[in-house]
Amino acid sequence: MTVTLPVRIGLIGGGGIANAHLKGYSTIPDRARVVAIADANPETLALRTEEIGAKGYSDFTELVQDPDVDAVDICLPHHLHKPAIVAAAGAGKHILCEKPLCLTAEEAAEVRAAVDAAGVTLMCAHNQLFMPAVAKAKEVIDSGALGDVYEVRTTDSFFNDFDPENMGWRAHTATSGGGEYIDTGYHPTYLLMHLSGGRPKQVFSMMSTHRLKFMEGEDSAQVLVRFDNGSVGQLVTSWAYQAAPGTDRFSVVGEKGSLSSDGSTLRVKLRAEDEEQVFAAEPIDTFAAEIADFVTCLETGKRPLNTEEEGIAVLGIILAAYESARTGAAAEVMSA
């Protein structure tokens, strides 16, 4: 199903991350516009409807029934993603959903069934895939320049100033689904899978709470993933500390060479060539790029980079990592 421009967006959730999404829509006013917003907090709803001049709903189940909405953009706390996706799909709306897709294998099955039955497009909001360095790295890998991929590493760590007063729903596993790993750690996980080119099979992890001891979940994670193409991924992620200077944001080693990046500059070194290739790009707003691509997918019928298929696979890594941390043994990834 394709959509006529401008795509009419219903924003579900007006909290912090909605700022980045609204900024993204403001860059393509002729291609998409936010016509409705739902938020359970009356103050947030009033502020957002005044800000963007959209219709307001206190319940997203009412917004998805609005005939003037073509697609929804879900910016809710983690535990509300699944019910919002199911409601939107049932109403025939296309969906852009913030990470994570949902929280459990059972929820993943419900999401898949709802999207399949409705025939709508679902795009996972994996914004880091739109970093120019990532796009170029994927192009190099897919060209075969590195040969078979042996190893992928990703890092996403920073010193987070959360405290018990400002952490809100993220402090509780019932609403967040875990701790840092299912939140910020979700980004290096989908990036790891994207660059590996495979599907996850087995995971081993160690979770730690180094500094943010007031939260229920972990504040740091180290994860190993074996993919079905034989590649192995390693990731480090944390809210407890800044990554050490010189740490690569991501790197890939293959049979014919390697690549690495700090997130902006990409360096490619092939064994058959003496000189390293260096690709530099100006930083971009990855949320704006993601939103523009979502609109293009709805306009043309193009498949999003990451649909519910990839979202469920990433969730599979995360759930297996939590299981491994509990048992101290490697865990199998649920079937995607």
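Me: On a 1 Å grid over the protein atoms alone, a pocket is an open set of points where a 1.4 Å probe fits, with protein on both sides within 12 Å along at least five of seven lines; lining residues have an atom within 4 Å of a point. Which residues lie nearest the centre of the largest pocket?

Reply: This is a predicted model, where local features need pLDDT of at least 70, side-chain atom pairs count only at pLDDT 80 or more, and totals for chains, interfaces and linings use all residues. Numbering runs from 1 along each chain as its sequence is written, and side-chain values use heavy atoms, with hydrogens and water left out. The largest pocket is lined by 18 residues. Nearest its centre lie Ile17, Cys75, Leu76, Trp169 and Arg170.

Me: How much space lies in the second largest pocket?

Reply: Its lining has 16 residues, with Arg153, Val223, Gln234, Leu235 and Val236 nearest the centre. Two or more lining residues come from each of E7, strand E8 (200-208), E9, strand E10 (232-238) and E11; strands are DSSP runs of E, at least two residues, and helices are runs of H or I, at least four, numbered from the N terminus. Volume is the space filled by probe spheres set on the points, which are joined across faces, edges and corners. The second largest pocket holds about 270 Å³.

Me: Is Lys99 buried or exposed?

Reply: Lys99 sits in the loop between strand E5 (94-97) and helix H5 (105-118). Its relative accessibility is 11%, so Lys99 counts as buried.

Me: With which side chain does the side chain of Lys99 make a polar contact?

Reply: Leaving aside neighbours within four places in sequence, Lys99 is in contact (heavy atoms within 4.5 Å) with residues including His78, His81, Ala125 and His187. A polar contact is a pair of N or O atoms within 3.5 Å; within protein, one must be able to donate a hydrogen and the other to accept it, and residues adjacent in sequence count only if both atoms are side-chain atoms. At 2.8 Å, the partner of Lys99 is Asp183.

Key: Buried means under 20% relative accessible area, exposed over 50%, partly exposed in between (1.4 Å probe, protein chains only).
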